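Work through the exercises below with the model open beside you. Try each task before reading its solution.

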Amino acid sequence: MTHAVITGTGLYTPPHAIDNATLVASFNAWVDRENARYQEAIEDGWRQPLEHSSSEFIAKASGIQSRYVVEASGILDPDRMRPHLAPRADDALSLQAEMGLGAARQALSAAGVEPGALDMVIVACSNLQRPYPAVAVELQAALGAEGHAFDMNVACSSATFAIDQANNAIRAGSVKRVLVVSPEICSAHLNFRDRDSHFIFGDACTAVLLEADDVACAEERFDVVSTRLATRFSNAIRNNFGFLDRVTDHPVDRDPAFVSDKLFVQDGRRVFKDVCPLVASLIGEHLDAEGLAPDDLKRLWLHQANRHMNDLIARRVLGREPSLAEAPVILDRYANTSSAGSIIAFHLHRENLVAGDVGVVCSFGAGYSAGNVILRKVKA
């Protein structure tokens with residue numbers, strides 16, 4: 001049976017960066033205004049004052065120091081506190097397709113592959129900017145790719161689930177080359193007025209090219225040894241926004257109850273308690289099924305949501321404290337980029353691996369969903 005190999009990756013980083021101090025200043029300015037607005041109710045005990053955020057709080061809670069976003073001024077405006085993205089005409093390239101094009105061209109260039117040689121394009125991310133036409137089909141057309149394309153969403157595990165789809169299609173012989181693109185605009189579904197989560201997300205787009213090993217020509221390639229996926233239903237991470245909200249009477253941008261219900265929300269403690277053992281067990285069982293031991297791993301490219309989660313999962317998998325080389329961290333400067341996070345880690349932290357080295361790309365998040373991809377570096 002044909003094997004699939006990863007021959008190229010790409011990363012689009014948005015032009016704007018917001019560090020913790022800048023984000024906190026905006027948030028605290030809004031808090032001060034709200035507390036002044038409701039001062040009488042607060043003094044009478046009918047309302048609790050809102051708390052300030054701080055850079056120290058954010059770093060301690062998450063390990064995040066900064067994040068990239070597609071638009072910063074709207075986020076930092078206390079009157080708005082959400083990105084200001086101008087609508088585009090139907091015949092203009094969409095924002096997600098634009099991001100995808102940047103990352104895709106990098107991946108194709110790295111692999112020495114022309115867009116016309118592609119058989120499949122998958123756009124896999126946690127939030128798509130429209131139901132249809134598929135962003136993947138738009139990106140396929142913009143690239144000049146052949147074959148077919150489709151969108152998919154498995155929240156933070158979208159990229160690994162799409163890699164599984166691509167791997168299966170290549171192994172079955174139905175396609176030779178698949179491009180997986182994850183344009184994550186997380187800042188658009190984040191409530192920047194929620195102290196517990198206003199700092200969590202950033203924006204980015206990744207691309208991964210998978211090819212049948214018999215057509216690959218790239219000097220650097222990683223054999224997809226196997227994949228393993230898991231889902232468990234949970235309400236602990238939720239985003240309720242959808243087209244059915246049109247039938248309600250809530251003004252989307254102004255009703256606080258609507259915003260808190262329809263944008264990203266999570267029970268962080270419950271997520272930590274539920275997800276860490278699920279993911280550690282998934283990785284351990286997957287390695288065991290492939291006859292691999294934890295000591296065989298040279299890299300753990302983990303989902304970049306929270307530093308404490310990553311450290312605990314890596315410790316449980318390896319049975320010891322991981323080094324930064326073994327479990328690289330990118331969330332300090334990218335924050336949580338949903339499904340793009342583990343791929344960013346793979347893209348940026350694989351340069352010193354040699355033929356035969358084994359690593360795991362692992363995602364986990366809402367659903368719950370978790371996806372593993374065991375990779376082995378191979379010679380061209």
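Predicted model: local features only at pLDDT ≥ 70, side-chain atom pairs only at ≥ 80, totals over all residues.

Residues are numbered from 1 along each chain as its sequence is written, and side-chain values use heavy atoms, with hydrogens and water left out.

**Exercise 1.** Find out why strand S4 (residues 120-124) is described as largely enclosed, and state which strands pair with S4.

*Solution.* 
- Step 1: Helices (H or I, at least four residues) and strands (E, at least two) are DSSP runs, numbered from the N terminus.
- Step 2: Five of the five residues of S4 are buried, so the rest of the structure largely encloses this strand. Buried means under 20% relative accessible area (1.4 Å probe, protein chains only).
- Step 3: Met120, Ile122 and Ala124 point one way from S4, while Val121 and Val123 point the other way.
- Step 4: Strands pair if DSSP finds at least two bridges between them. S4 pairs in the parallel sense with S5 (residues 148-152) over five bridges, and four bridges join S4 to the parallel strand S6 (residues 177-185).
- Step 5: Val123 stands opposite Asp151 in S5 and opposite Val181 in S6.

**Exercise 2.** State which elements each supply at least two residues of the lining of the largest cavity.

*Solution.* 
- Step 1: On a 1 Å grid over the protein atoms alone, a cavity is a set of points where a 1.4 Å probe fits but cannot get out; lining residues have an atom within 4 Å of a point.
- Step 2: The lining includes Ala159, Val181 and Thr206.
- Step 3: Helix H7 (158-172), S6 and strand S7 (203-212) each supply at least two lining residues.

How values were computed
Buried < 20%, exposed > 50% of the residue type's maximum accessible area, 1.4 Å probe, protein only. 1 Å grid on protein atoms, 1.4 Å probe; cavity = no way out; pocket = protein on both sides within 12 Å on 5 of 7 lines; lining within 4 Å.
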